[in-house]
Amino acid sequence: MDTQASLAKQFSALSKEWRAWLEENLDRGCNPVDLANILLREGLIDLNQDFSVPIQAEEQHYAVLEKIATEKQTQLSSTFTPEQKKWLAQAVLDGLSKAEIYYSLVKQGLSEIDIALEWVQLKQHPYFQIAQEQHFLLKKRNWLLNTLDHFARLNPDYQQIKRISKPEFPDFIQHYYSRNLPIILTDAIQHWPALHKWSPQYFKQTVGMQEIEAQFNREQDPLFERNSIQHKTKMQMNDFVDLIEKTEHSNNFYMTANNAKASQSSLAVLFQDIGHFHGYTDHAQVYDRSFIWFGPKGAFTPLHHDLTNNFLVQIYGRKKVTLIPAMQTPHLYNDVAVFSKIADPHRPDLLESFPDFAHSSKIECILNEGETLFIPLGWWHCVESLDISISVSFTHFNIDNAGAESFPSPSGH
C-alpha cells in the first residue's frame, strides 16, 4: 500500500469535513507527512493508534530540530519559565511521547526550536540524569509493591479485619505482627479500670481543673493535621468536656496523640486506670508510651500511615477506622512525609482527581468499646468518631518496633 493510501486508511475516523480536507489535499499532491503533522497539531490524531508513516516522520522532524539546537545551543537562550521547565522534566520522566510534549508546549506559545533547545539541555543536565535513574528505581519499587500486593490479595486475611479473642503473644507475633496484618482483639482490656470508669464526666471529676492541650480551628484548615502545631490550644479539662458535651457533631477540636506530651503530667492520674496487656507490652512504659485521644462525634483524622506498629484501644464510644494496606502506597498519592493528598478516601468524587486510587482496597471496621485494633506499620488509615470518643493508642510492644528512627528526612533538610 503506498503512503497516500495508507494515510487515507489510517485517518478514516476523521470527521466528514476533515476527511474531505485530507482527500482534497492528497489529490492536489500535498506531502502526506505535512498533512499528518497539521492533523497532529490540531489534536485530531489519537497518538495511541499506530500511525506509522506520520509518526515516524514526526520523530525525524524532532531529530532535525534537536540536531540544530545541539549545534547552536551556545547562540540560543531558553525562553522557558521555571514552571515550564518542571513540566517538561516531569513529562519526560512520565514517558509522554515527543509529539504530546511538543504539541502541549506549542499550545503555550513556545516555538519548536525553543522546545528542542530545552529538550537537549534537559537531557544533557547531570541533575536530570540522576533524576532519571532515581525515577526508574522508584518505578521498579512500585512495580515490586504492586506485584506483592497482587499476590497478597490471595490471602483472605489481607482483605478483611477479623475479630478474635486475644491470642498468646507468640501467636500474635507469628500470625499478625510479623506478617504486617491488622486484627481486632475483642477481649484484651476487660480488666482495665478505664473501660468501666472513663467518660467525659469522669474526666471532669478527676482532672477537671487540670490544663490540657488540644487542637482547635481544624475545620478552617484543610491541612489541619499536617499543621497541627499551629492549632494547639490550652484550656481546662472542665471547659473542654463542656464543649464536647454540648456539640452534636464537629471536627473543629480534638485532643490527639500530638497533644499528649503537653497534657501528660496533668493527666497522670488517668494512666493508673490503664492495666497490663497480657505480656504484649512493657507495662513500666505505659505512662511514657500511651496516648489519649478525646473528642466529639465527628472528629476525623485524615488518611496517613504511622512509623511504628500501634494498638488503638477504644474505651468510650465508637470509631470507624478505614485501613489500606502498606503495599498499596503507589496508588495513594503520598506527597509529604506520612500524609496523602487524599484526606478522606470516602469522598464520592475522589477518582476524578485521583484516578490511581481505584487500584487500592479500603477495609472498614467499627471499633467498639473494649476492642483493640492492631494497626501495622505502614498501613494507611483514617479514623472518624461515631460518638463522643475516648481512645488510647500505644506502641511499647515487648518486641522490636523500630521504624521511626530510620525514617528519612526530606531532601535539603
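Me: Which residues of strand 14 lie on one side and which on the other, and are they buried or exposed?

Reply: This is a predicted model. Ser389, Ser391 and Ser393 lie on one side of strand 14 and are buried. Counted by residue, six of the six in strand 14 (residues 389–394) are buried.

Me: Which strands pair with strand 14, and in what sense?

Reply: Strand 5 (residues 290–295) pairs with strand 14 in the antiparallel sense, over six bridges. Strand 7 (residues 310–316) also runs antiparallel to strand 14, and five bridges join the two.

Me: Which residues stand opposite Ser393?

Reply: Phe291 stands opposite Ser393, and Leu312 has Ser393 as its bridge partner in strand 14.

Me: Now a helix. Where is Leu122 found, and is Leu122 buried or exposed?

Reply: Leu122 is found in helix 7, which spans residues 112–124. The cut-off for buried is under 20% relative accessible area. Leu122 has 13%, and therefore counts as buried.

Me: Which residues is Leu122 in contact with, leaving aside its neighbours within four places in sequence?

Reply: Leu122 is in contact with Leu88, Ala89, Val92 and Phe128. One of these, Ala89, is 33 residues apart from Leu122 along the chain, yet their C-alpha atoms are separated by 7.3 Å.

Definitions and conventions: Residues are numbered from 1 along each chain as its sequence is written. This is a predicted model: local features need pLDDT of at least 70, side-chain atom pairs count only at pLDDT 80 or more; totals for chains, interfaces and linings use all residues. Side-chain values use heavy atoms; hydrogens and water are left out. Helices (H or I, at least four residues) and strands (E, at least two) are DSSP runs, numbered from the N terminus. Buried means under 20% relative accessible area, exposed over 50%, partly exposed in between (1.4 Å probe, protein chains only). Contact means heavy atoms within 4.5 Å. Two strands pair if DSSP finds at least two bridges between them.
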